[in-house]
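Hi everyone, thanks for coming.

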Amino acid sequence: MSAWLKKTGVAPWMVVLAAALLLAPLVADRGTLNDLWSVAFAVVLASAWNLLGGFAGQISLGYSAFVGIGAYTTVLLANAGWNPWLTLPVGAVLAVLFSVVVGLPTFRLRGPYFSIATIGVSEAVRVIASGMEFTGGSSGLRMPSANFHFLSNYYGMAGLALLTVGLVAWVRVSAFGMALEAIRQDIDAAEALGIHSTRYKLLAHALSAALVGAGGGLFAMNFQYISPGSVFDFPLSLRIVLMPIVGGIGTLVGPVLGAVLFGYLQIKLLASPTLRDWNLFIYGGLLMAVMLFEPRGIVGIWERLRRLWRRRAPPTLEASGGA
Amino acid sequence: MERLASVLLSSLLLAGLYATMSYGLAVIYGVMRIINLAHAGLMMLAAYVTLTLNTRFGLDPFLSLLVVAPLFFGLGVVLDLTLIRRLPRGGTGPSMQSLLLLFGLWLVLQNLAYVVWGGDTQSILTPYTMSSVPLLGERYGVPLLLVFAVSLLSLVGLTIVLRRTFLGKAIRAVTQNRDAALLSGVNAGRISAVAFGLGTAFAAIAGTMLSTLYAFTPDFGRSLLLKAFCIIVLGGMESFTGVAIGALVLALIENLAAAYTTIPTSFQDAISFSLLVLVLVFAPNGLPALFRGFSRRAVAR
């Protein structure tokens with residue numbers, strides 16, 4: 001059992017998370033389930049971003065484009081008479097196509113240049129989407145309101161979150177994940193070892209785009225209304241980047257921790273008007289604090305604390321050895 | 001023909017503003033190898049400070065430059081000493097850590113403006129805001145012409161500082177070869193602080209001038225930051241003449257697209273954002289390098 005756990009990269013906390021998400025509807029009320037839905041959505045976004053941003057080290061600031069593509073595919077097809085659930089794979093495929101179109105040129109760039117190019121791409125997409133006829137412009141679009149069940153949407157999002165975390169866990173221990181790690185550490189050395197870096201980056205980008213695109217579709221189904229301002233917006237891209245960075249970039253548990261923290265913050269922010277006025281302060285301050293003091297986020301702090309604890313725990317041994 | 005002349009003239013006027021907006025980024029990148037994402041936030045903050053000076057003390061926006069520029073120079077030095085210096089230096093390229101730190105600073109500045117001045121759209125009205133002057137058969141707003149004059153003045157000022165003073169020579173030395181500059185006894189810490197101060201002051205000059213032309217909110221400046229970045233990449237990242245050329249090229253492309261194509265105005269910004277991506281991908285060393293490459297190939301043939 002534990003060997004299997006090690007081989008697939010599944011940790012005990014994931015089982016607990018899965019059980020909590022799937023069993024919650026039996027005990028929790030609608031409000032709590034709503035909050036859990038937001039946390040699950042955040043887990044999808046953060047963990048999927050981590051595939052490219054954390055494992056391969058390519059910090060993209062343009063992930064809201066994938067949320068938007070998924071959301072618009074679902075709304076437009078549902079309005080054309082499709083079953084909303086059948087639109088999710090279509091949105092995922094379109095997001096993958098877009099990820100390849102964007103990735104092919106921009107993956108030639110390295111480090112901050114790649115990040116800035118992704119801001120350019122996502123801003124261009126947002127400007128074009130707000131100017132187009134079929135997106136409903138800045139006034140947005142509505143889903144057909146018939147036959148919406150919150151609970152099935154909840155299970156959909158929870159399932160997608162678990163699928164995402166499971167996939168990321170599997171990628172981490174696979175040869176694919178090792179190739180991404182090699183690219184992150186030293187792209188030239190990785191190339192010299194025969195890793196086709198562009199192909200692996202494109203694969204990671206496509207996989208995370210598919211997950212985020214499907215998440216965008218579920219988002220549209222749940223909120224019943226979308227506009228370029230809600231799904232193509234820069235602050236959304238920003239939150240997607242912040243969650244894994246604050247939690248612990250490149251780790252498995254980090255993005256989930258970040259997503260839970262930010263999901264909770266988001267709920268608090270929406271509840272209190274004074275806090276809402278300070279939300280960018282919180283986001284920006286957290287980002288600055290992480291960069292200045294612990295670039296590996298909450299996971300880094302945890303590891304520091306554990307090292308401190310270990311050093312303090314066996315003092316008698318060290319004292320006797322030294323004497 | 002008349003139309004082309006007016007397009008060229010308005011491109012030149014716009015290019016002056018664009019160049020001022022971009023010099024700050026270029027100075028900081030050249031000396032410190034940092035991409036200052038907070039540049040947009042600093043421009044926005046300067047626009048609000050100008051607004052306050054205007055409404056509280058009745059100070060003319062262009063005169064307030066004399067207050068705003070030194071103030072932001074000091075702010076830049078303080079930011080360098082308190083934040084940027086704490087980051088580990090390493091490698092020759094810009095680090096992700098500095099990019100994200102300054103990104104965080106941008107968000108904090110936005111929130112600061114939101115709390116102090118509110119989220120409403122603001123603009124500065126002066127007696128000459130609405131007046132215009134006829135030139136080549138078109139009318140140009142007086143603020144636009146003043147902005148161009150101030151841009152030229154500040155660029156000439158920067159050039160004199162960089163070419164004639166010891167400090168300026170040290171800045172150029174660090175830009176060209178950091179290690180060699182350190183070996184010849186340049187105090188890199190002080191130069192970095194001055195460079196960040198200069199970059200911040202130029203962001204402030206640009207912000208003040210923008211406030212006389214456009215309405216602004218705390219979210220102001222994101223598209224301008226992308227344009228400025230596009231310009232310094234076009235100009236080859238480090239060369240100050242390159243920045244002027246890049247500003248002119250971007251202004252020309254925007255104005256020509258507006259005058260001679262049917263691209264709707266709501267897509268205008270998408271042009272410069274797409275241009276940014278194209279330039280980064282196909283001419284990452286800027287136009288000068290691209291031309292050198294062409295001529296070399298022509299000679300080889």
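Let's begin in chain B, at B:Arg33, which sits in the loop between helix H1 (2-32) and helix H2 (39-57). Please keep in mind that this is a predicted model. What is the phi of B:Arg33? The value is near 55°, which is positive, and the residue is not a glycine. As a reminder, most residues other than glycine have a negative phi.

A:Gln224 lies in the loop between helix H10 (197-223) and strand E2 (225-226) of chain A. Its phi is also a positive value in a residue other than glycine, near 65°. Is A:Gln224 buried or exposed? With a relative accessible area of 16%, A:Gln224 is buried.

While we're in chain A, have a look at helix H4, residues 64-79. Its 16 residues should span 22 Å at 1.5 Å a residue, and the end C-alpha atoms are 22 Å apart, so the two figures agree. H4(A) is mostly covered, with 14 of its 16 residues buried. After the helix comes A:Gly81, with a positive phi near 105°.

Now back to chain B for the same check on helix H8, residues 188-213. At the start of H8(B), a side-chain oxygen of B:Asn187 comes to within 3.2 Å of the backbone nitrogen of B:Gly189.

Next, a helix pair. Two packed helices are described by the angle between their axes and the distance between the axes. For helix H5 (residues 142-164) and helix H6 (residues 166-176) of chain B, the angle is about 85° and the axes are 5 Å apart. That makes H5(B) roughly perpendicular to H6(B). Which residues meet there? From H5(B) we have B:Val161, B:Leu162, B:Arg163 and B:Arg164, and from H6(B) we have B:Phe166, B:Gly168, B:Lys169, B:Ile171 and B:Arg172. By type, the residues of this contact divide into four nonpolar, one polar and four charged.

B:Ser11 is in helix H1 of chain B, and at 1% relative accessibility it counts as buried. Leaving out residues up to four places away in sequence, B:Ser11 touches B:Leu248, B:Ala251, B:Leu252 and B:Asn255.

B:Thr126 is in the loop between H4 and strand E1 (132-135) of chain B. B:Thr126 counts as buried, at 13% relative accessibility. With neighbours within four places in sequence set aside, B:Thr126 is in contact with B:Asp60 and B:Pro61.

Finally, B:Val108 belongs to helix H4 (residues 96-117) of chain B. B:Val108 is buried, with a relative accessible area of 16%. Which residues does B:Val108 touch, not counting those up to four places away in sequence? They are A:Leu280, A:Phe281, A:Gly284, A:Gly285 and A:Met288. As for B:Leu278, B:Val108 is 170 residues from it in sequence and 31 Å from it in space, C-alpha to C-alpha.

That's my tour, and I'm happy to go back to any of these places.

Note on methods
Residues are numbered from 1 along each chain as its sequence is written. Chains are lettered from A and ligands numbered from 1 in the order in which they are written. This is a predicted model: local features need pLDDT of at least 70, side-chain atom pairs count only at pLDDT 80 or more; totals for chains, interfaces and linings use all residues. Side-chain values use heavy atoms; hydrogens and water are left out. Helices (H or I, at least four residues) and strands (E, at least two) are DSSP runs, numbered from the N terminus. The expected span of a helix is 1.5 Å times one less than its number of residues. A polar contact is a pair of N or O atoms within 3.5 Å; within protein, one must be able to donate a hydrogen and the other to accept it, and residues adjacent in sequence count only if both atoms are side-chain atoms. Axes are lines fitted to C-alpha atoms, for helices over the stretch in contact, and angles run from 0 to 180 degrees between N-to-C directions. Angles under 35 degrees count as roughly parallel, over 145 as roughly antiparallel, 65 to 115 as roughly perpendicular and the rest as oblique. Contact means heavy atoms within 4.5 Å. Ala, Val, Leu, Ile, Met, Phe, Trp, Tyr, Cys and Pro count as nonpolar, Asp, Glu, Lys and Arg as charged, and the others, Gly among them, as polar. Buried means under 20% relative accessible area, exposed over 50%, partly exposed in between (1.4 Å probe, protein chains only).
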